[in-house]
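The entries below follow the order in which I looked things up.

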Amino acid sequence: MDLEKCYKLLGLKSGASLADIKASYRRLAQQYHPDVNPHDITTQDKFIVLTKAYKFLVTVVSAEDISPPSSNASKSGRNHIKSRPAQKPPTSSVRLEKPPRGKPPNIAEIEQRLKWKTYEQIQRFLKEKRFTQAIALVEALAARLPTDKEVRQWQAVAYQIWGRVLMSQNQLLKARIYLKKALNTDHNNQTLWREVLLDFQKLEQLCF
């Protein structure tokens, strides 16, 4: 569409502002709107032409308002930025002190709590006849505390109990393996040694 013609259709001079364009269109739309003149075809056509002219002008004027600045203005802006003196970063007179080190955890206490908590779990597994879980748990504890005599005793007892269960199930070969493990795990425990020897005697009787 012709720009000058659009201005004339809205009754405006060339170069009118966006606010003037909108105000003029609202005034003319009230006059030529089809709802105001429902039976006048000429008026309806006039309204369509006015609307097209208005949309065209709004598009053109809005684009001019947001057009980029000229190259001279850009250069001036860049020069202005360059001319600013460099600013020092903000500082503070307050010195940051290192936080005091907390007391390191007592490893021995942690290990003891873990040990007795695991012992309770082992006892629960044995009571519930979950023998393989009890053995796996006590073996893991023994690997963590290899020099602990009590843990070694628990491990040997778990092997002995499981060996006896295997004997009752007539799994004699596996029973022999776990009874031997009991002896080798805590061979200084005389009471356990005597009990396991009796278990071996029963095992021999079952074999013949």
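**Entry 1: helix α6**

Which residues of α6 are buried? I listed Phe131, Ala134, Ile135, Val138, Leu141 and Ala142. I am working from a predicted model, so I read these values with that in mind. Next I looked down the axis of α6. The buried residues fall within an arc of 130 degrees, so they line one face of the helix. Then I checked the length. α6 has 14 residues, and its first and last C-alpha atoms are 20 Å apart. That is close to the 20 Å expected at 1.5 Å a residue.

**Entry 2: the whole chain**

I counted nine helices and zero strands. From the N terminus on, I read the order as α-α-α-α-α-α-α-α-α. The protein has 208 residues, and 28% of them count as buried. The accessible surface comes to about 15700 Å², and carbon and sulfur atoms hold 55% of it. Residues 24 or more positions apart account for 51% of them.

**Entry 3: helix α2**

The buried residues are Ile21, Ser24, Tyr25, Leu28 and Ala29. Seen down the axis of α2, they fall within an arc of 135 degrees, so they line one face of the helix. What does the face turned away from the buried side carry? I found the exposed residues Ala19, Arg26 and Gln30 there.

**Entry 4: nonpolar cores**

I looked for the largest nonpolar core. It has 29 residues. Trp162, Val196 and Leu203 have the most contacts inside it. The elements giving two or more residues to this core are α5, α6, α7, α8 and α9 (190–207). Which element gives the largest share? I found that α7 does, with nine residues. I then picked Trp162 and listed its partners, leaving out residues up to four places away in sequence. It touches Phe131, Thr132, Ile135 and Tyr178. Two of these names were already in my α6 list: Phe131 and Ile135 are buried there. I also noted a second, separate core of 15 residues, which includes Leu10, Ala53, Tyr54 and Leu57.

**Entry 5: salt bridges**

How many salt bridges are there? I counted seven.

- I began with Lys115 and Asp148, whose closest N and O atoms are 3.0 Å apart. Lys115 sits in helix α5 and Asp148 in the loop between α6 and α7, 33 residues apart. Lys115 counts as buried, at 3% relative accessibility. Asp148 is buried as well, at 16%, because the cut-off for buried is under 20%. Lys115, Asp148 and Glu150 are linked in a network of salt bridges.
- I went on to Arg164 and Asp199, which meet at 3.0 Å, N to O. Arg164 is in helix α7 and Asp199 in helix α9, 35 residues apart. Arg164 is partly exposed at 39% relative accessibility, whereas Asp199 is buried at 4%.
- I ended with Glu204 and Arg176, also at 3.0 Å, N to O. Glu204 lies in helix α9 and Arg176 in helix α8, so the pair ties together parts 28 residues apart in sequence. Glu204 is partly exposed, with a relative accessible area of 32%. Arg176 counts as partly exposed too, at 24%.

**Entry 6: positive phi**

Most residues other than glycine have a negative phi. Lys129 is not a glycine, yet its phi is positive, about 60 degrees. Where is Lys129 found? I placed it in the loop between α5 (107–127) and α6 (131–144). Lys129 is exposed, at 65% relative accessible area. Asn170 also has a positive phi, near 65 degrees. I located Asn170 in the loop between α7 (149–168) and α8 (172–185). Is Asn170 buried or exposed? At 55% relative accessibility, Asn170 counts as exposed.

Terms used
Residues are numbered from 1 along each chain as its sequence is written. This is a predicted model: local features need pLDDT of at least 70, side-chain atom pairs count only at pLDDT 80 or more; totals for chains, interfaces and linings use all residues. Side-chain values use heavy atoms; hydrogens and water are left out. Helices (H or I, at least four residues) and strands (E, at least two) are DSSP runs, numbered from the N terminus. Buried means under 20% relative accessible area, exposed over 50%, partly exposed in between (1.4 Å probe, protein chains only). Contact means heavy atoms within 4.5 Å. Accessible areas come from the Shrake-Rupley method with a 1.4 Å probe; for residues, only the protein chains shown count as cover. A nonpolar core is a set of buried Ala, Val, Leu, Ile, Met, Phe, Trp, Tyr and Cys residues joined through side-chain atoms within 4.5 Å. The expected span of a helix is 1.5 Å times one less than its number of residues. The arc is that of the directions from the helix axis to the C-beta atoms. A salt bridge is a side-chain nitrogen of Lys or Arg within 4 Å of a carboxyl oxygen of Asp or Glu.
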